[in-house]
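Good morning. Please look at the structure first.

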Amino acid sequence: MSDSEKVIYTVLEVFIAIACCPGNLLVIWAVWSSRVLRKTTFCFVVSLAVADFLVGAVVVPLAVLIDGRVQTRFYTCLFISCVVIVLTQASVHSLLAIAVDRFLRIYNPLRYRGAIKKQNLWAAVTICWVSASFLGFVPLLGWHNEDPTTNGTSTFTCQFLAVIPMSYMVNFFFFVYVLPPTVVMFALYLYIFCTISKQLRKGIGQAAESRSFLQKERELASSLALVLALFAICWFPIHIINTLAYNTSLNMPPLVFYIGILLSHSNSAVNPIVYAFKVPKIKTAYKNILMKLTSWKQNTDQSSQNLDKTATSSNTNIRYKVKNTQDGFDR
């Protein structure tokens, strides 16, 4: 890839990183500042937002760094590459936890309400991150490329594919821990939509409260399914590119890989936008936060104006007293 294309790639990565961080911080703030949102699904949404925030704050800078821009030791480069994998894998596990949570809520609502407790939620979130860490650090256990620094040199130009084998990325990462969970998640959402539609059709004479519950569940499930669909749209291209490059004789130009990487990273910036347009509770929480920030700014401006007025008034009084004193002396 030419130098100009690398510059464009770097600028776009910086733009994605800047877009990821504030949006996902707003999601986290919205959930924790609103009692209405302190429910199971939204705890997993926070886990997903944390993973997406770390993509912008950590993954993107590291991805740019290990694109042949630094000289490191082999295992330093390998560790950095594994961190990138862990944080992207955490998104998959959080999405899976959200889908399972929605499924259980519809499949057996009574048992769901009795089983869901705060300690269980935190245990589930911990499992998501621990499992993502284990899968992401597998290359450190031995599934990595040959160390080129054993030839007498202590450092080399750090690049992701120089340390992470394509066999791991395709056969293990994609075909075992990305593709199957994604298929399961789509199946769960399909079951949810079919079950809710069936119950709504059957319950023509059911209570308005029950119908309202089902309609709200369907709306929330459709929003979360959209998040999953966007994940697949953004992440599957790079995995398909890797699969074709590994299993066929196609000579993929570097530009294609970079486009796939940019698309995958951009997924972390779109989720807060989806929540704003598709999830009313989060949209309301956004508005409340923005109103608080606006009112705080207005109060700050008003306070500063009052201070200025007080200072001006004090200066005027001082000048008036000084003038009267001088007039007294003149007399």
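α3 and α9 each supply at least two residues of the lining of the largest cavity. Helices here are DSSP runs (H or I, at least four residues) and strands likewise (E, at least two), numbered from the N terminus.

Some background. This is a predicted model, in which local features need pLDDT of at least 70 and side-chain atom pairs count only at pLDDT 80 or more, while totals for chains, interfaces and linings use all residues. Residues are numbered from 1 along each chain as its sequence is written, and side-chain values use heavy atoms, with hydrogens and water left out.

Rolling a probe the size of a water molecule over the atoms shows where empty space is left. On a 1 Å grid over the protein atoms alone, a cavity is a set of points where a 1.4 Å probe fits but cannot get out; a pocket is an open set with protein on both sides within 12 Å along at least five of seven lines; lining residues have an atom within 4 Å of a point. A volume is the space filled by probe spheres set on the points, which are joined across faces, edges and corners.

Back to the cavity. The search of the whole structure finds one cavity of 30 Å³ or more, and the largest has a volume of about 40 Å³. Its lining includes Thr-88, Phe-173, Trp-235 and His-239.

The lining of the largest pocket divides into 17 nonpolar, seven polar and two charged residues. Nonpolar means Ala, Val, Leu, Ile, Met, Phe, Trp, Tyr, Cys and Pro; charged means Asp, Glu, Lys and Arg; the others, Gly among them, are polar.

The second largest pocket holds about 480 Å³ of space. Among its 19 lining residues, Lys-39, Arg-105, Glu-217, Leu-220 and Lys-281 lie nearest its centre. Here α9 gives the most, with seven residues. This lining has seven nonpolar, three polar and nine charged residues.

Last, the surface. Leu-290, in helix α11, is partly exposed, with a relative accessible area of 46% (buried is under 20%, exposed over 50%, partly exposed in between, with a 1.4 Å probe and protein chains only).
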